[in-house]
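Here is a short tour for anyone meeting this structure for the first time. Have a look at the model, then read on.

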Amino acid sequence: MRDSWASEFTRGVATILPVAVAVTPFALIFGALAAQKGLSPLEVGLMSGLVFAGASQFVAVDIWQHPAPWLVLGFTALTINLRHVMMGASIARHMGRFGAASRYVSLYFLADEIWALAERRASAATLTPGYFLGLGVTLYLGWIGLTVSGALAGSALGDPERFGFDFVFTAIFIALIVGFWRGYRTGAIVAASAAVAALTHLLVPGPWYILAGGLAGIATGAAFMAEDVEEQAA
Amino acid sequence: MTLSLPTLYAVLAMGIATYLTRIAGLWVLRHVTLTPRVRAGLDAVPVAVLTAVITPMVFMTGPAEALAGLATALAAFRLPILAVVAVGVVSVVGLRALIG
């Protein structure tokens, strides 16, 4: 029996809620920082709704000037978000239940946390459009609401480092990596990715370390795990 | 509630660039044959990308962040995600106060 769209949506909402709670301080701080740079709450909400990518929004606010240099900001967002290409290619394999339009709508919500939770679901059961949108819409509305709240609250929130809020995303990502753990082969992927990312971060300015480390980890996975797949096939 | 035109253009440019990166994977998949090796590489994407993203914070900031990262990873093998984040944030604040 197939689960209904609504029950799948609800399941997605329930799965993303703890993550949305954990992201709250981060979203509030983003709004506050953007307000300090002179962006209005409306502009903050617009950016959160149209871009919906935390890391690139933080970097954009960091380099923001008035009037806004659209070419530089667009290009920066492109480079920081190039990792989405790898993520999209990976998750698209599990979108067999999605129609063409549904894929293009769903991928609008391809933020790191949503993607990672969708991958986790796909590794255990079939990924459904309802589940994906349950993840996506919840975090999307939360992200817009919370970043605008942060912009309205302004600088009252203070320095993110003082309360360790700058570590929230790192902690979420560590938890997600552990969720994918499959023994020493996963360890090899982590080691390769971290080593190449660190080296690239030292040598090349900008977000290229994400791409370089990601590709190194993927190559390691391909080298190791092709043996697994062949073992299973034999 | 103000909205300046240059800001609108910049946000649109960021949004379009980001959406293109999000749908490009569909195009990549259409032009790449899924051999076992390609499939294994794609299976490695989550861990590979997430690790690369956190590498500067965990491995290149200082001993406090590295140790907090280790504590967070150990917690993640046993606890739900919200508790893991709490362990991470509390340990990084404590360790920064202790060892900088």
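## Chain B from end to end

Reading from the N terminus, chain B goes α-α-α-α-α. That's five helices and zero strands, where helices (H or I, at least four residues) and strands (E, at least two) are DSSP runs numbered from the N terminus. The radius of gyration of chain B is 20 Å, well over the 13 Å that the globule rule gives for 100 residues, so chain B is more spread out than a compact globule. That radius is taken over C-alpha atoms, and the rule is 2.2 Å times the number of residues to the power 0.38. The C-alpha atoms of chain B fill a box of roughly 55 × 50 × 25 Å along the principal axes.

A quick word on the ground rules: this is a predicted model, where local features need pLDDT of at least 70 and side-chain atom pairs count only at pLDDT 80 or more, while totals for chains, interfaces and linings use all residues. Residues are numbered from 1 along each chain as its sequence is written, chains are lettered from A and ligands numbered from 1 in the order in which they are written, and side-chain values use heavy atoms, with hydrogens and water left out.

Of the 100 residues in chain B, 47% are buried (under 20% relative accessible area; exposed is over 50%, partly exposed in between, with a 1.4 Å probe and protein chains only). Chain B exposes about 4800 Å², and carbon and sulfur atoms supply 74% of that; the areas come from the Shrake-Rupley method with a 1.4 Å probe, and for residues only the protein chains shown count as cover.

B:Thr7 sits in helix α1 (residues 5–31) of chain B. Is B:Thr7 buried or exposed? With 2% relative accessibility, B:Thr7 counts as buried. Not counting residues up to four places away in sequence, B:Thr7 touches A:Leu39, A:Glu43, A:Trp64 and A:Ala68, a contact being heavy atoms within 4.5 Å.

Over in chain A, A:Ser90 belongs to helix α5 (residues 83–92). A:Ser90 has 0% relative accessibility and counts as buried. Which residues is A:Ser90 in contact with, leaving aside neighbours within four places in sequence? They are A:Glu119, B:Leu42, B:Val45 and B:Pro46.
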